[in-house]
Amino acid sequence: LLVTVVAYWQVALMQHSLIWDARDIFLPWRFFISDCLRNGVLPVWNPYQQSGYPFFADPQSGMWYPVAQLMALFGRYSVYLFNAEFILTIAAGGWGMYRLAGSFSLSRHAALFGGITFVACGFYVSNAEHLSWAISASCIVWLFWAYRMLLTTGRLGYALLGALFQFLVLTGGYPAFLIVSSYLLAAFFVSSLIAGNTKRAAVLRGNILFAVAFLVLAVPVVYAFAASMPYMTRGAGVTLQKANGSPF
């Protein structure tokens, strides 16, 4: 955390706010979630943007992200809380990289160097406006750490941790990172089987538990995505009727 505060002291000490998407998109969304929950309302529909739209179905809205929901406990969401969330997200990523590097039997100093360089890397700096990208990067290193520990030890607890971190990538991150991380996990799993892991049976049980736990956690998000699919398109055109009746 200290390294993160030093590296991003202007944000950590509340001297400056993050701009562009951070200020124009993610801050209003976090405020909306906080205001709804503090008033006993589920933030499923946002009437203030795009002529009203189903907030729960937006994969980057953060409605299903537990951290965004917990932030409502600290008072009405503001730019100060946004700065704090950004700093804590990056600090968590640095800690995760430290644990991940240490799992490869690197020295404590080498693992610490990995964590420090990850905190101050260009990805975080150049994408500071994209909170969902920062969340993805921070959660993925923890996901990879948990999955590596599952493959090396076969302990089922790491499967549950991995499912939780993958759920955080799903609900707080950018969708592309979820897809890429899933491809990588599949590659790690196959390579572990090919390498003849001595704990193959335990690894198989762990992967089954990992998949089941993640799918159970993801049920509401999957439902929201499936319900909104008929109304969204990335590159195709829409009919005049749909354009007049749907904010998508």
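Start with how space is found here. The search runs on a 1 Å grid over the protein atoms alone. A cavity is a set of points where a 1.4 Å probe fits but cannot get out. A pocket is an open set with protein on both sides within 12 Å along at least five of seven lines. Lining residues have an atom within 4 Å of a point. Grid points are joined across faces, edges and corners, and a volume is the space filled by probe spheres set on the points.

This is a predicted model, in which local features need pLDDT of at least 70, side-chain atom pairs count only at pLDDT 80 or more, and totals for chains, interfaces and linings use all residues. Residues are numbered from 1 along each chain as its sequence is written, and side-chain values use heavy atoms, with hydrogens and water left out.

Searching the whole structure gives one cavity of 30 Å³ or more. The largest cavity holds about 30 Å³ of space. Its lining consists of Ser17, Leu18, Ala22, Arg23, Leu27, Val79, Phe82 and Asn83. H3 and H5 are the elements that give two or more residues to this lining. Helices here are DSSP runs (H or I, at least four residues), numbered from the N terminus. By class, the cavity lining has five nonpolar, two polar and one charged residue. Nonpolar covers Ala, Val, Leu, Ile, Met, Phe, Trp, Tyr, Cys and Pro; charged covers Asp, Glu, Lys and Arg; the others, Gly among them, are polar.

The largest pocket contains about 850 Å³ of space. It is lined by 31 residues, and Ala57, Pro59, Pro175, Phe225 and Met232 are the closest to its centre. H9, H10 and H11 are the elements that supply two or more lining residues. H11 has the largest share, with seven residues. The lining splits into 23 nonpolar, six polar and two charged residues.

The second largest pocket contains about 390 Å³. Its lining has 15 residues, with Tyr65, Val67, Leu88, Thr89 and Ala92 nearest the centre. Here H5, H8 and H9 are the elements that give two or more residues. The largest share, six residues, belongs to H5. Twelve lining residues are nonpolar, two are polar and one is charged.

H9 lines both pockets, and its own packing is worth a look. The helix has 17 residues, which at 1.5 Å a residue should span 24 Å; the end C-alpha atoms are 24 Å apart, in agreement. The expected span is 1.5 Å times one less than the number of residues. Twelve of the 17 residues are buried, so H9 is largely enclosed by the rest of the structure. Buried means under 20% relative accessible area, exposed over 50%, and partly exposed in between (1.4 Å probe, protein chains only). Among the buried residues of H9 are Tyr158, Phe165, Phe167, Leu170 and Thr171. The cover over them includes helix H4 (66-70), H8, H10 and H11.

Zoom in on Thr171 of H9. Its relative accessible area is 4%, so Thr171 is buried. Leaving out residues up to four places away in sequence, Thr171 touches Pro59, Gly62, Trp64, Tyr65, Pro66 and Val221. Contact means heavy atoms within 4.5 Å.

Val221 takes us to helix H11. Val221 counts as buried because its relative accessibility is 14%.

Where does the nonpolar packing gather? The largest nonpolar core has 62 residues, and Phe82, Phe86 and Tyr124 have the most contacts inside it. H8 gives the most to this core, with 16 residues. Such a core is a set of buried Ala, Val, Leu, Ile, Met, Phe, Trp, Tyr and Cys residues joined through side-chain atoms within 4.5 Å. Phe86 touches Tyr8, Val11, Leu18, Ala128 and Leu131, not counting residues up to four places away in sequence.

Finish in the loops. Trp20 sits between H2 and H3, with a positive phi near 60°. At 53% relative accessibility, Trp20 is exposed. Ser105 lies in the loop between H5 and H6, and its phi is near 65°. Ser105 is exposed too, at 69%.
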